[in-house]
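This report describes selected elements and side-chain interactions of one protein model. Please examine the sequence and the structure shown here before reading on.

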Amino acid sequence: MKYIKQAMEYKELIDTLMSDKHHADIVLYGGNVVNVLTREVYNADIAIKGKYILLVGDCEDLIGEDTIVVDVYGKYLSPGFIDSHMHFESSMLTVTEFSRLSIPSGTTTLIADPHEIGNALGPIGMKAMADEANVLPNYVRFVVPALTPDCPNLETAGVDVSSKDMEDLLNYKNIIGIGELQGFSNAKHVYKNTPEIITDLLASTTYAKSIGKVVDGNAPDLFGKELAAHIVCTGGKCSCHETTTKEECVEKLRQGVYVFMREGSTQKNMGECIKAITEEKLDSRRCILATDDMVAEDLEKLGHMNEIVKRTINQGVDPIEAIQMVTINPATYFGLEDRGILSPSKVADIAIINDLKEMDVEAVFIEGKLVASDKELLIPLPKYTYPDSVKNSVKREKLVDEDLEIRSDEKKVTVRAIKAIPDQNLTECLEEATTVKNSVVQSDISNDLLYIACVERYGRNNNIGKAFVKGFGLKKGAFAESVAHDTHNITVVGTNIADMVVAVNKVIEMGGGIAVVNNQRVLEELRLPVGGLITDELTGSEVSEKIVSLEKTVKKDLGGSIHAPFMHLSFLALSTSPKWKITDKGLIDVNNFEILSPVV
């Protein structure tokens with residue numbers, strides 16, 4: 001039926017083009033068309049019929065009595081923007097609320113990886129998110145994890161996903177492929193220590209390719225044979241959004257990888273990656289801009305892909321080339337043949353831009369309908385409520401102080417500390433001296449040496465990983481959250497054990513969320529009932545305001561110094577990203593696939 005309907009729609013387009021009796025529904029008249037096929041800008045009209053582009057050029061003959069003519073003289077007409085790799089869960093927003101904030105800035109297509117909710121709830125969570133996409137005007141599709149957890153020996157997820165789940169998931173509505181292949185990110189150690197993971201991933205990726213689905217890669221700091229092995233494991237065509245240096249970007253482009261140059265709220269790698277284009281003069285056809293993780297406040301105040309394109313232009317990239325990185329390049333990678341360019345029969349997803357360098361988006365069309373103007377959404381998006389089946393994911397008993405204590409019989413010890421790096425999910429590793437009191441190893445606030453812990457929340461084993469961390473600058477108190485990439489156990493950082501316990505227990509009590517504590521009193525909280533990751537109780541603007549308030553409390557009341565502290569803490573559990581991380585099983589030496597003692 002789908003193909004019959006499209007044939008009928010195409011016949012209407014042909015009738016309109018070839019017969020004097022039919023006319024366009026809308027003509028955008030006299031604009032500057034951004035042609036991402038030829039990398040040029042020229043004056044032309046765009047005629048729209050139904051949800052399709054009818055003609056790009058002189059559309060005078062297609063204007064009839066009922067045609068809506070929109071004068072766009074002096075403005076630029078671009079294909080709608082595509083975010084090729086992002087996680088709704090990182091914004092703590094439903095798909096609906098993320099769309100509400102992103103559409104007015106020109107984003108018409110979102111390719112999301114639901115591996116956050118996949119780690120927490122498995123297929124039921126991923127399908128619930130894919131269901132929500134059905135009710136939205138923008139084009140939202142998903143690439144699902146082939147493996148959860150990514151490092152089974154080093155962490156605990158809520159549900160274990162493997163190749164056994166792929167046939168069901170990859171044939172579900174709105175799912176177009178497999179997401180970032182983190183299970184083979186640390187290629188050398190996975191091959192040496194857990195080769196069975198490679199076998200299982202190959203079962204998933206070869207099946208995905210056999211039914212025409214895409215497979216995203218994830219290859220941080222991989223070169224030579226290790227990179228080649230990772231590419232093979234994805235089926236030969238893959239992306240990577242974990243590229244952080246010019247040299248790495250050059251290597252991956254030369255090997256055929258589509259480099260998703262990440263520029264989100266806390267992980268900003270585009271500036272280094274783009275040097276492969278601006279300095280080394282490589283072809284940019286396989287360069288794609290993606291956000292990975294964006295918080296609601298940035299979406300609301302800065303914009304979305306238009307902001308990322310603007311930053312790329314500021315790095316010395318031609319504006320049309322930068323726009324290619326959010327239109328035709330990702331459309332080519334994902335095989336989205338109906339979008340990403342402005343030409344006949346393509347879906348009329350169009351961004352009208354006032355100024356190319358500033359990427360000031362004036363209006364947005366989706367499927368031929370004006371959906372946003374002057375940064376305001378013009379169409380209703382009903383609030384979306386998730387079913388109870390994806391809630392109540394926290395299933396462990398509350399903690400007592402002894403649960404988080406790190407003990408020693410010595411009077412002074414050397415401890416291992418994770419060093420948080422601002423705007424990166426990479427970390428450094430440190431060894432620091434500290435004291436012991438009543439057999440409990442102490443934090444050292446004057447040296448920014450704080451406690452960190454990761455508490456298994458799914459009731460599968462009640463593990464608690466404990467270590468130390470530097471980089472948050474807290475002078476008192478603690479904060480905890482049920483957002484911890486990628487298995488999303490409860491992470492907590494603090495100056496003292498008592499406040500940490502109160503913070504964790506508040507998160508348990510809420511069924512997931514964020515809690516900020518001082519003097520054993522909860523100062524502020526945010527409930528995240530959907531998988532412990534998302535709220536369907538607040539709008540995007542309300543979430544933005546709440547996160548700003550929480551961050552101010554961390555800074556003002558606890559003395560925190562790192563911006564976006566909750567996002568930074570969440571990535572300290574990412575066991576596939578170097579160098580040291582914390583999971584429910586302990587302090588992880590990512591590079592060597594080892595669990596380390598917090599005390600040397």
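Which residues make a nonpolar surface patch of about 410 Å²? The patch is made by Met1, Ile4 and Met8. Patches consist of residues with over 30% relative accessible area and no salt bridge, in which like charges are joined within 9 Å and nonpolar side chains (Val, Leu, Ile, Met, Phe, Trp, Tyr) within 5 Å. Met1 lies in the segment before helix H1 (2-18) and is exposed, with a relative accessible area of 79%.

The model is predicted: local features need pLDDT of at least 70, side-chain atom pairs count only at pLDDT 80 or more, and totals for chains, interfaces and linings use all residues. Residues are numbered from 1 along each chain as its sequence is written, and side-chain values use heavy atoms, with hydrogens and water left out. Helices (H or I, at least four residues) and strands (E, at least two) are DSSP runs, numbered from the N terminus. Buried means under 20% relative accessible area, exposed over 50%, and partly exposed in between (1.4 Å probe, protein chains only).

**Enclosed elements**

Helix H3 (residues 95-102) is largely enclosed by the rest of the structure, because seven of its eight residues are buried. These are Val95, Thr96, Glu97, Phe98, Ser99, Leu101 and Ser102. Strand E12 (residues 258-262) is also largely enclosed, since five of its five residues are buried. Tyr258, Phe260 and Arg262 cover one side of E12, and Val259 and Met261 the other. Strand E11 (residues 239-240) runs parallel to E12 and is joined to it by two bridges; Ser239 stands opposite Tyr258.

**The nine-stranded sheet**

Nine strands form an open sheet of mixed pairing, in the order E20-E19-E18-E22-E21-E24-E23-E25-E26. Strands E20 (440-441) and E26 (521-527) stand at the edges with a single partner strand each, so one side of each is left without a neighbour in the sheet. Two strands count as paired if DSSP finds at least two bridges between them. Strand E19 (residues 427-437) is antiparallel to E20, with two bridges joining them, and Lys437 stands opposite Val440.

Within this sheet, strand E22 (residues 464-470) contains Lys470, which is buried at a relative accessible area of 12%. The Lys470 side chain makes a polar contact with the side chain of Glu432 at 3.5 Å; such a contact is a pair of N or O atoms within 3.5 Å, where within protein one must be able to donate a hydrogen and the other to accept it, and residues adjacent in sequence count only if both atoms are side-chain atoms. Lys470 also touches other residues (heavy atoms within 4.5 Å), including Ala417, Leu430 and Asp448.

**Salt bridges**

The whole structure holds 34 salt bridges, each a side-chain nitrogen of Lys or Arg within 4 Å of a carboxyl oxygen of Asp or Glu. Three of them are listed below.

| Pair | Closest N to O distance |
|---|---|
| Glu279 and Lys246 | 2.9 Å |
| Arg339 and Asp338 | 3.0 Å |

Glu279 forms a salt bridge with Lys246. Glu279 lies in the loop between helix H12 (275-278) and strand E13 (287-290) and Lys246 in helix H10 (residues 246-254), so the pair ties together parts 33 residues apart in sequence. Glu279 is partly exposed at 45%, whereas Lys246 is buried at 15%. Arg339 is buried at 6%, and Asp338 is partly exposed at 29%.

Lys506 and Glu509 are three residues apart in helix H18 (residues 497-510), and are therefore separated by about one helical turn. Lys506 is buried at 14%, while Glu509 is exposed at 52%. Both residues belong to a network of salt bridges that links Lys398, Lys506, Glu509 and Glu525.

Note on methods
Accessible areas come from the Shrake-Rupley method with a 1.4 Å probe; for residues, only the protein chains shown count as cover. Lists of a residue's contacts leave out its neighbours within four places in sequence.
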